[in-house]
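Work through the exercises below with the model open beside you. Try each task before you read its solution.

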Amino acid sequence: MDLFQKCYSDLSAERLHKVLELGVYPYFHVLESRQAPVVTMEGHRVIMLGSNNYLGLTEDPEVIAAGHAALDKYGSGVSGSRFLNGTLDLHLELEQALAEFTGYEAAMTCSTGFQTNLAIISAICGKDDYILNDRENHASIYDACRLSFAKTMRYRHSDMEDLERILQSIPATAGKLIVTDGVFSMRGDICKLPEICALAEKYDARVMVDDAHGFGVLGPGGRGTAAYFGLTDKVDITMLTFSKSLASIGGCMLTSKVVYDWMRHVSRPFIFSASITPSSAATALAALRRLQADPERPERLMKIAQYFQKGLLNAGVRIIEAPTPIVPIFTYETMDTLWYGKRMFEEGVYVNPVITPACVEGECLLRTTLMATHTEPIVDEAVDIIAKVLTIKPDFR
């Protein structure tokens, strides 16, 4: 059998061909301007409601200037791993700043957020350990679990009774890691961290929070999910990304000094990957400094997100209400979701269609996200377009 046969005839290929044939393919739209509340995509003006640029710092002059300065000083890359020739003083400055800001003893940066989860979980968990995974955790966590060789056990989404049932079934002598997203990226809900930490203490488990969508959004000054609940001292490892609130690319592990020292010497995804580029490190650090100088920015983000939710509800649009800037709109069926996403793009609003396997059929949605730099007039315009499009019956002819 030809190895490539699946590219022509499996279920994913058939679905792709159908979507392309019907003209509702929603992915790989081309952006021709900066990531901002209003962008240019494929030649026309579009309100951006599909970006994770939560604090709106990708177009901040100080952040951009820091990237230019790093290019001038360090060049375009480091051509090696942190373990060997790839550690800059800039990396150490960024790590120290992140640790101090979040209240952890140490921070370790990686080249991407996805790689950060691989670096943490594959190193800290082995074949005799157990990982307890929320069913709606990010895909990078699931891939990290596979790489770790630990036994992975999934609990129902935010179901603490199910989590405790699983914990009770694990030998008391085994190592146990409970992993959860801080803010779940599809529905915008927040994990039940107080309950998770209490169960971890009861059953001698460690806690890891993927705070990709929580950092810069929740907690005092945007310090994240653990700080939001006042539980930084109870969360053993926090992972965060730079590609969202910090307007760059990369990722970071926040933890104790002893775990940090051990991880830097055994984590294969960290040791055998080139380090984060100078410009990426500099822009992430500059974005962090901007957040520190303007701690009310996360509050502005939440206010504009609540304004958007209220506008949609007043317009009769059914949404999932959550205390985050992620606002999902129900569209239910896969083909309807793709059609609505395409039509909204044509009318001037970019949103992200969420279909199977990211959700079950019948619960598909359009995922929208706000930025702190969105204004009420822009949001009002977007609400009007979304509400108008959702009154139209999808036509696939």
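This is a predicted model: local features need pLDDT of at least 70, side-chain atom pairs count only at pLDDT 80 or more; totals for chains, interfaces and linings use all residues.

**Exercise 1. Classify the pair of phenylalanine 101 and phenylalanine 215: stacked, tilted or edge-to-face?**

Solution. 
- Step 1. Check the distance. The ring centres lie 5.9 Å apart. The cut-off for a pair is within 6.5 Å.
- Step 2. Check the angle. The planes stand at 80° to each other. Over 60 degrees counts as edge-to-face.
- Step 3. Conclude. Phenylalanine 101 and phenylalanine 215 form an edge-to-face pair. The structure holds six aromatic pairs.

**Exercise 2. Which parts of the chain does this pair tie together?**

Solution. 
- Step 1. Place the residues. Phenylalanine 101 belongs to helix H4 (residues 89-102). Phenylalanine 215 sits in the loop between strand E7 (206-210) and helix H9 (225-228).
- Step 2. Check burial. The limit for buried is under 20% relative accessible area. Phenylalanine 101 has 5%, so this residue is buried. Phenylalanine 215 has 2%, so this residue is buried too.

**Exercise 3. Are phenylalanine 345 and tyrosine 350 buried or exposed?**

Solution. 
- Step 1. Read the accessibility. Phenylalanine 345 has a relative accessible area of 6%. Tyrosine 350 has 15%.
- Step 2. Conclude. Phenylalanine 345 is buried, and tyrosine 350 counts as buried.

**Exercise 4. What lines the largest pocket?**

Solution. 
- Step 1. Start with the volume. The largest pocket holds about 1100 Å³ of space.
- Step 2. Go to the centre. There are 48 lining residues, and the closest to the centre are His138, Ser185, Met186, Ala358 and Arg367.
- Step 3. Trace the elements. At least two lining residues come from each of helix H5 (113-124), helix H6 (139-148), strand E8 (237-241), strand E12 (352-354) and strand E13 (364-369).
- Step 4. Sort the lining. The largest pocket has 22 nonpolar, 17 polar and nine charged residues in its lining.

**Exercise 5. How many residues line the second largest pocket, and how do they divide?**

Solution. 
- Step 1. Count. The second largest pocket, with a volume of about 400 Å³, is lined by 21 residues.
- Step 2. Look nearest the centre. You find Ile124, Arg206, Asp236, Ile237 and Val259 there.
- Step 3. Sort. The lining of the second largest pocket has nine nonpolar, five polar and seven charged residues.

**Exercise 6. Which polar contacts does the side chain of asparagine 137 make?**

Solution. 
- Step 1. Asparagine 137 is in the loop between strand E4 (130-134) and H6. Asparagine 137 is buried, at 6% relative accessible area.
- Step 2. Find one partner. The side chain reaches the backbone oxygen of valine 179 at 2.9 Å.
- Step 3. Find another. A polar atom of the asparagine 137 side chain lies 2.9 Å from the backbone nitrogen of aspartate 181.

**Exercise 7. Where is histidine 213, and what does its side chain contact?**

Solution. 
- Step 1. Locate. Histidine 213 is in the loop between E7 and H9.
- Step 2. Check burial. Histidine 213 is buried, with 8% relative accessible area.
- Step 3. Find the contact. The side chains of histidine 213 and tyrosine 54 are joined by a polar contact of 2.6 Å.

Methods
Residues are numbered from 1 along each chain as its sequence is written. Side-chain values use heavy atoms; hydrogens and water are left out. Rings of Phe, Tyr and Trp (its six-membered ring) pair if their centres lie within 6.5 Å; planes under 30 degrees apart count as stacked, over 60 as edge-to-face and the rest as tilted. Helices (H or I, at least four residues) and strands (E, at least two) are DSSP runs, numbered from the N terminus. Buried means under 20% relative accessible area, exposed over 50%, partly exposed in between (1.4 Å probe, protein chains only). On a 1 Å grid over the protein atoms alone, a cavity is a set of points where a 1.4 Å probe fits but cannot get out, and a pocket is an open set with protein on both sides within 12 Å along at least five of seven lines; lining residues have an atom within 4 Å of a point. Grid points are joined across faces, edges and corners, and a volume is the space filled by probe spheres set on the points. Ala, Val, Leu, Ile, Met, Phe, Trp, Tyr, Cys and Pro count as nonpolar, Asp, Glu, Lys and Arg as charged, and the others, Gly among them, as polar. A polar contact is a pair of N or O atoms within 3.5 Å; within protein, one must be able to donate a hydrogen and the other to accept it, and residues adjacent in sequence count only if both atoms are side-chain atoms.
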